[in-house]
Amino acid sequence: MSDKTVAVRAEDAFDVDAVHGWLKSRVDGLDGTPEVRQFPGGASNLTYLLSYPDRDLILRRPPSGHKAASAHDMRREYRVQKGLKPVFPYVPEVKAFCDDPEIIGGDFYVMDRLDGLILRRELPDGFRLDEGAARALSGKVVDRLVDLHSVDIEAAGLADLGKGTGYVERQVRGWSERLRRSRTENVPEFTEVMAWLAENQPGEVKICLIHNDYRLDNLILDDELAIIGVLDWEMATLGDPLMELGSTLAYWVQADDDDGMKASRRQPTDLPGMYTRQEFVEHYARRTGLDIGDWRFYEVYGLFRLAVVIQQIYYRFHNGDTHNPRFKDYWQFVGYLDWRCREIISKGSA
């Protein structure tokens, strides 16, 4: 059961003949021009299926228009997966990287397709996930994250991927700056939230490789619901694993959340049997032995970071750099996240 594709949107189209001409000299056995379809799920980098007669490949490229300065780095995403493959096998095999703007106007890379199931907001037609299977899957999601945070970065050749020490302070400052740069008049200023995060920063518990966008809908499952692949490595770096845990759980909508949070759900984490956020944190703490400390900081950080990510996407829509109608109401959720962060700060962890 594979992730669904759609016809390529006009604004996301590229010169297929140019890509094929460039690719056939770098990947053996590519006969004929590929049929190209687009994966609709992403809101950041664009992902395409290149279907050749005898094999499928995946192409990743940035969106057009405004880009945050550190986002959409195809070379980095390619490098991370190439280095990880021998020590963390849950990544697709990358095949070729292109930095020639004459091909499609910007960097892109191509990788093998991992065929499997990606769980998005609604389960696929005919697919059932009972309570026991949902609980088991939740545990696998935590365990794979623990595996990632245990990767030997020297063996992967990624010891220089990030700055390491000082990660917590850099993230609080960096996401605050991104919010100020991308803010539009219809969203809050997040003054209270940014000040609280700046004043309540814990020290790093350790520095390790983090994915930085680890979510259920970035995982590929096989028929037994084992996790066989982790996708979307564009923001991977060296950082604090508890900061990643907070970011991950900002997307983990549970059954008893309010309507505002439920409206943002992109993965079926509210099904009977799925972990609550607290259970997710407790499982992670048991597996790693790390002291979680005051979870409120990591929870508020994750929600604030999500607000900035959403706002940066909305900023592109607001300025006419993309016309994807999915983005037109994103500003409303940004406002909700400001409220939710302030509620957690004032009342304790949700």
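Is Asp217 buried or exposed? At 3% relative accessibility, Asp217 counts as buried, where buried means under 20% relative accessible area, exposed over 50%, and partly exposed in between (1.4 Å probe, protein chains only).

## Basis of the values

The model is predicted: local features need pLDDT of at least 70, and side-chain atom pairs count only at pLDDT 80 or more, whereas totals for chains, interfaces and linings use all residues. Residues are numbered from 1 along each chain as its sequence is written, and side-chain values use heavy atoms, with hydrogens and water left out.

Strand E5 covers residues 108-112; helices (H or I, at least four residues) and strands (E, at least two) are DSSP runs, numbered from the N terminus. Because 5 of the 5 residues of E5 are buried, this strand is largely enclosed by the rest of the structure.

Two strands pair if DSSP finds at least two bridges between them. Strand E3 (residues 56-61) pairs with E5 in the antiparallel sense over 4 bridges, and Arg60 has Tyr109 as its bridge partner in E5. Strand E4 (residues 94-98) also runs antiparallel to E5, joined to it by 4 bridges. Here, Val110 of E5 is the bridge partner of Ala96.

## Salt bridges around Arg215

The structure holds 26 salt bridges, each defined as a side-chain nitrogen of Lys or Arg within 4 Å of a carboxyl oxygen of Asp or Glu. Arg215 takes part in a salt bridge with Asp213 at 2.7 Å, N to O, and in another with Asp217 at 2.8 Å. Arg215 counts as buried at 6% relative accessibility, and Asp213 counts as buried at 11%.

## A link between helices and a network

Asp143 and Arg287 form a salt bridge in which the closest N and O atoms are 2.8 Å apart. This pair links distant parts of the chain, with Asp143 in helix H4 (residues 131-149) and Arg287 in helix H9 (residues 277-288), 144 residues apart. Asp143 counts as partly exposed at 24% relative accessibility, and Arg287 counts as partly exposed at 41%.

A network of salt bridges links Arg60, Glu77, Asp232 and Glu234.
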